[in-house]
Amino acid sequence: MVVSTINERSFQAFARQQGCQPPLDLTGVWYNRFDRIRQILNLKKSGKDILDDILAADFAKASTVQRTMHEGSQVMTTIEPANLQAVLATQFDDFATGRLRYLQLGPILGRSIFTSDGAFWSHSRALFRPQFSRDNINDLEATDKAANAFVAALGVVDAKGWTDHVDLQPMFFNFTLDTASDFLFGESLDSQSASRTPEQSDVHKLTGMKDVRSQVASKQFLDDFEILGHTIIMRIRLSTLYWTMDSFKFRAAVKRVRRFTEYYVNKAVEASMTGDVKGNSGSLLARIASQTQDREELRNQTLAILFAGRDTTASLLGWCMLRLSLHPEILHKLRQIILQDFDPNEPITFAKIKGCRYLQHFLNEVLRVHPTVPLNGRVATRNTTLPTGGGADGKHPIAVRKGQLVGFSVYLMQRRKDLWGEDAAEFKPERWEQKVPAWQYLPFLGGPRICIGQQFALTEASYLIVRLLQEFDQFEPVDLAEMRLMRKALGLTMWPRDGVKVRLHKAGV
Ligand code: HEM
């Protein structure tokens, strides 16, 4: 008690010294605190979403706000570019991902690049940096293979050139799992083809881990991945009550996914010890196994990359195809440009992808209105300040207590009319012909912890878009009214909740 009074006094003195004023307080009467939890717990039932229906209302009066939570902690949230720049870059050491993230994700990822701060995070970042160099992501052979499997999974077209009705979203999850696993392990999990042959899968299910590839064919790995993804997001939403989200099912899934990853880790470590790096010498795991032979670390880091890389890119692809289905004029323009820039008889290269400006503008715009990581946060490592958002005019610096959570939503920031113009809610790739101020657009965040897989993700997403538009010239929604609602599913990432249900028309038929 005495310590907390002293701490509070010194915090108040620090705030005065720095000329800070508090941001708009939205706590209201005691009842509001509980009503807030009720709203969040009822989201599924009410059909509302946390971004547009709950958080957007918070920012109607100010771009940085705070509220006291039911258990008494104070949480600040901001959609102010200058504050994000401070948290992520200029005051990087004053903020961390925090112990809570480690506790929430720890049972799956242990200590890894995603769940650490300080020295261990710096070590992890240094370990991975060279792996995401241009040379390593320039090799598009695996992406080409996965793109071919994707097109094959669409099936044959009818006499008029139309495919059957398909939901593209699960196919995107398979596509990114296959490319990420190839990049990590040096061999694809071939989940796209496995999903198409379930009868074969059931037979393989019985063979357990004798043949690790059969585990994938059995769909077990995909199911486990779903269980882990769902549990992770619930543990994050429950904040300090994360530990209540535990079950035998969850633990069994963790065990299987870890065993699966250990199979590849053991292979890579043995190869690095015997100097026999043939075969998977091109994989990320083989390359990092030549630097550390700590099997537990290799397993955790590998899983972190798999988690960080799979759903994010699949969600991006989902929104891309949804937008192309809703805006035939943009589909037509993009397709014409792709036909001009990419000769179908020549390989789709990194250089050509980067050189196709309208494709870049299209992706930028998709990630502006549908950033696949829409919500995030950091914890203050010491008493510190944010540059703006305090006081009645919202222009004063704000004091942040050590241990306080600062949440931010790039989704809401990237839709602000005062930053993006009156047409902020409209989907317009053309707006990217003008330069955009750096810190108001952060789908991959920024600063030292910027997404390490950004180029990898954009390249594989572009590759598949090019391939699909070379083959198909129309995407017809199965239910246009439903698609126009653009309802969001929110897990660790955000993807189209109703899937991307379309039929595609083959060009030239
Ligand atoms: C559209 C696709 C993607 C988006 C929007 C995205 C977004 C992000 C964001 C916002 C973060 C910061 C998280 C935080 O610090 O709180 C992040 C970190 C990270 N991303 Fe991505 N990501 C994508 C694809 C990928 C891919 C394909 C990979 C790897 C193959 C990857 C690997 C990582 C890793 C390892 C981190 C942690 C970096 C660190 O903490 O130093 N991401 N990503």
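Is Asp 190 buried, exposed or partly exposed, and why? With 19 C-beta neighbours inside 10 Å, Asp 190 counts as partly exposed.

Hello everyone, and a word on what we are looking at. This is a predicted model, where local features need pLDDT of at least 70 and side-chain atom pairs count only at pLDDT 80 or more, while totals for chains, interfaces and linings use all residues. Residues are numbered from 1 along each chain as its sequence is written.

Back to Asp 190. You will find Asp 190 in the loop between α10 (168-185) and α11 (191-196). Helices (H or I, at least four residues) and strands (E, at least two) are DSSP runs, numbered from the N terminus. Asp 190 is not a glycine, yet its phi is positive, about 50°. Most residues other than glycine have a negative phi. Met 486 also has a positive phi, about 45°, without being a glycine. Met 486 sits in the loop between α24 (480-485) and β11 (488-490), and it counts as partly exposed because 16 other C-beta atoms lie within 10 Å.

Now to the ligand. Its shell holds 24 residues, and the closest are Gly 309, Thr 312, Cys 451, Gly 453 and Ala 457. By class, the shell has 15 nonpolar, seven polar and two charged residues. Here Ala, Val, Leu, Ile, Met, Phe, Trp, Tyr, Cys and Pro count as nonpolar, Asp, Glu, Lys and Arg as charged, and the others, Gly among them, as polar.

Cys 451 is in the loop between α22 (417-420) and α23. Leaving out residues up to four places away in sequence, Cys 451 touches Phe 444 and Leu 445; contact means C-beta atoms, placed from the backbone, within 7 Å.

Next, the inside of the model. The largest nonpolar core has 81 residues, of which Leu 285, Cys 320, Ala 461 and Leu 464 touch the most other members. A second, separate core of 25 residues includes Ala 15, Ile 79, Met 413 and Tyr 441. By nonpolar core I mean a set of buried Ala, Val, Leu, Ile, Met, Phe, Trp, Tyr and Cys residues joined through C-beta atoms within 7 Å.

Last stop, helix α6. In α6 (residues 99-109), the buried residues are Arg 101, Gln 104, Leu 105, Ile 108 and Leu 109. They lie on the same side of α6 because they cover an arc of only 110° around the axis, taken from the directions from the helix axis to the C-beta atoms. Their cover includes α14 (220-237), α15 (248-274) and α17. In helix α14 we find Arg 235, whose contacts include Gln 104. Arg 235 counts as buried because it has 24 C-beta neighbours inside 10 Å.

Technical notes
A residue is near a molecule or strand if its C-beta atom, placed from the backbone, lies within 6 Å of it. A residue is buried if 20 or more other C-beta atoms lie within 10 Å of its own, exposed if 12 or fewer, and partly exposed in between; C-beta atoms are placed from the backbone. Two residues are in contact if their C-beta atoms, placed from the backbone, lie within 7 Å.
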